[in-house]
Amino acid sequence: MAGSKFAYVRNFELPDPLLQETYIVLRIDGHSFHRFSEDHEFAKPNDVRALQLMDEAASSVMETFTDITLAFGESDEFSFLFKRSTSVYNRRHAKILTSVVSQFTASYVFNWAKHFPGVNLKYPPSFDGRIVLYPTEKVVRDYFSWRQADTHINNLYNTAFWALVQEGKQTTAQAHEALRGTNSAQKNQLLFERFGVNYNSVPERMRKGSVIVREEVVNEDGSPDVGNKGKGGKKRVPTRVTVLHCDLIRDEFWRERPYILLE
Ligand code: DGT
Ligand code: MG
Ligand code: MG
Ligand code: MG
Ligand code: MG
């Protein structure tokens with residue numbers, strides 16, 4: 001293919017490879033969702049419709065990018081982990097980041113009406129994204145533990161805060177003041193003694209966030225469904241993108257799913 005005299009401009013494009021043999025973690029976050037959630041009257045502190053829509057958009061990313069082994073979401077954010085050996089898009093930074101953010105955003109808008117029937121989108125939502133490379137299994141686990149600990153801290157605070165405002169009839173300033181400097185035990189106690197709320201009975205979706213994995217498909221009798229032979233005659237066990245609301249800080253989660261960090 002003979003180039004035109006203009007084709008030299010191509011040489012200004014620089015390669016942007018992500019380091020080999022490192023875990024790629026990509027986190028997206030809603031742009032100005034403080035305003036977006038007000039404008040679309042999200043329930044406080046958690047709107048299940050909004051969280052389920054986030055889960056669906058993240059699942060669509062995982063269906064598209066099969067080298068993602070784990071995703072974790074809370075509030076207006078989602079983190080995706082690619083397997084260490086991935087060669088998706090030749091590990092080109094901008095290509096991976098923009099494709100995932102775009103797929104997520106498009107899926108969020110595409111599925112809006114299903115989760116918010118009768119609520120019109122007032123303007124197009126958007127998401128930012130970043131990629132961080134992590135060199136070891138330990139830091140990857142600590143990354144996801146960091147996000148889930150954040151979910152817990154924020155949700156406990158928000159649950160207590162909105163109980164004070166909605167049921168305690170305090171102003172938001174009074175509620176902030178009441179919670180200033182309190183620890184977890186004190187917030188638990190406040191919820192229980194003043195509002196009869198046992199924090200542990202708040203749904204796991206709110207307390208733990210959303211954990212998306214690929215679970216093996218099992219037959220009705222519980223045996224693994226041995227799928228068709230794939231390329232090269234190797235048996236492939238079919239998997240299904242599955243949303244959980246479970247603890248991922250403890251060893252158990254990772255012990256049960258060695259494939260997340262293996263390759
Ligand atoms: P950013 O990310 O710098 O563009 O700014 P924001 O406003 O998106 O801030 P961020 O991401 O730190 O916080 C997320 C906001 O989204 C926070 O104000 C609460 C809101 N939000 C997320 N999920 C829910 C929900 O389920 N219900 C309500 N009421 N608000 C939510
Ligand atoms: Mg932010
Ligand atoms: Mg945000
Ligand atoms: Mg956020
Ligand atoms: Mg093209």
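The dialogue below concerns a predicted model and turns to the annotated site, the strands and the ligand.

Trainee: What is the largest C-alpha distance among the residues that UniProt lists for "binding site"?

Mentor: An unreviewed UniProt entry lists Asp-29, Gly-30, His-31, Ser-32, Phe-33, His-34, Ser-75 and Asp-76 under "binding site". These residues are spread over 48 residues of sequence, yet they cluster in space. Their largest C-alpha distance is 12.1 Å.

Trainee: Is Asp-29 buried, exposed or partly exposed?

Mentor: Asp-29 lies in strand β1, residues 23-30. A residue counts as buried with 20 or more other C-beta atoms within 10 Å, and as exposed with 12 or fewer. Asp-29 has 15 such atoms within 10 Å, so its class is partly exposed.

Trainee: Is Ser-75 buried or exposed?

Mentor: Ser-75 is found in the loop between β2 (68-74) and β3 (77-82). The threshold for a buried residue is 20 or more C-beta neighbours within 10 Å. Because Ser-75 has 20 C-beta neighbours inside 10 Å, it counts as buried.

Trainee: Which residue of β3 is the bridge partner of Asp-29?

Mentor: Strands β1 and β3 pair in the antiparallel sense, over six bridges. Leaving aside neighbours within four places in sequence, the contacts of Asp-29 are Asp-76, Glu-77, Phe-127 and Asp-128. In β3, the bridge partner of Asp-29 is Glu-77.

Trainee: Which residue of β3 is the bridge partner of Glu-74?

Mentor: β2 and β3 run antiparallel and are joined by six bridges. The hairpin of these strands has two residues between them, and Ser-75 takes a positive phi near 50° there. In β3, Glu-74 is bridged to Glu-77.

Trainee: Why is β3 largely enclosed by the rest of the structure?

Mentor: Strand β3 pairs with β1 and is also joined to β2. The reason for describing β3 as largely enclosed lies in its residue count, because of its six residues the number buried is five.

Trainee: Which element gives the most to the shell around ligand 1?

Mentor: There are 15 residues around ligand 1, and Phe-33, His-34, Ser-37, Phe-42 and Asp-47 come nearest. By class, the shell has four nonpolar, seven polar and four charged residues. β1, α1 (33-39) and α2 (48-64) each supply at least two residues of this shell. The element that gives the most, with three residues, is α1.

Definitions and conventions. Residues numbered from 1 in each chain as written. Chains lettered and ligands numbered in written order. Predicted model: local features only at pLDDT ≥ 70, side-chain atom pairs only at ≥ 80, totals over all residues. UniProt positions renumbered as here; feature names shortened; annotations may be inferred. Helix = DSSP H or I, 4+ residues; strand = E, 2+ residues; numbered from the N terminus. Contact = placed C-beta atoms within 7 Å. Pairing = 2+ DSSP bridges. Near = placed C-beta within 6 Å. Nonpolar A, V, L, I, M, F, W, Y, C, P; charged D, E, K, R; others polar.
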